[in-house]
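I opened this entry to keep a record of what I looked up in the model, working from the whole chain down to single residues.

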Amino acid sequence: MLRNFDETVQWVAATAIVTGHVSNTLIEFGYNVRPWNIAAFSVGTVGFLIWALRARNRPQTLVNIVSVGICALGLYRALA
């Protein structure tokens, strides 16, 4: 059952990250999708952080901790 959880978390996170990248592309075409692009990256980053902690993957955990901080700052600036 936990394997299914890990797999689901990774797929949700991957989908959110792809959504963030697509949203960034939409910005280049003149669509205003802020802060939704940052929110999508945040969901993906938190998902991969959960997975990295569960998998005890220290390098990926570090990357995602830094990314969560960057996303939090981006959301703060986008919403302020």
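**Notebook: chain, first helix, salt bridge**

I began with burial and found that 28% of the 80 residues in the chain are buried, where buried means under 20% relative accessible area, exposed means over 50%, and partly exposed lies in between, with a 1.4 Å probe and protein chains only. I note that this is a predicted model, in which local features need pLDDT of at least 70 and side-chain atom pairs count only at pLDDT 80 or more, while totals for chains, interfaces and linings use all residues. Residues are numbered from 1 along each chain as its sequence is written, and side-chain values use heavy atoms, with hydrogens and water left out.

I then checked pLDDT, the predictor's confidence in each residue from 0 to 100: its mean over the chain is 95, and 100% of the residues reach 70 or more.

The C-alpha trace spans about 40 × 20 × 15 Å along its principal axes. Taking contact as heavy atoms within 4.5 Å, I found that 56% of the contacts between residues at least 6 apart in sequence join residues at least 24 apart.

Next I followed helix H1, residues 2-28, whose 27 residues reach 40 Å from first to last C-alpha, close to the 39 Å expected at 1.5 Å a residue (1.5 Å times one less than the number of residues). Which residues of H1 are buried? I listed Asp6, Val9, Ala13, Ala16, Gly20 and Ser23, and the buried residues of H1 pack against helix H2 (36-55). Just after H1, glycine 30 takes a positive phi of about 95°.

I looked up valine 22, which is in helix H1, and recorded it as partly exposed, with a relative accessible area of 47%.

Finally, I searched for salt bridges (a side-chain nitrogen of Lys or Arg within 4 Å of a carboxyl oxygen of Asp or Glu) and found one in the structure. Aspartate 6 forms a salt bridge with arginine 54, and their closest N and O atoms are 2.5 Å apart. Aspartate 6 lies in helix H1 and arginine 54 in helix H2, so the pair ties together parts that are 48 residues apart in sequence. I noted that arginine 54 counts as partly exposed, at 37% relative accessibility, whereas aspartate 6 is buried.

Key. Helices (H or I, at least four residues) and strands (E, at least two) are DSSP runs, numbered from the N terminus.
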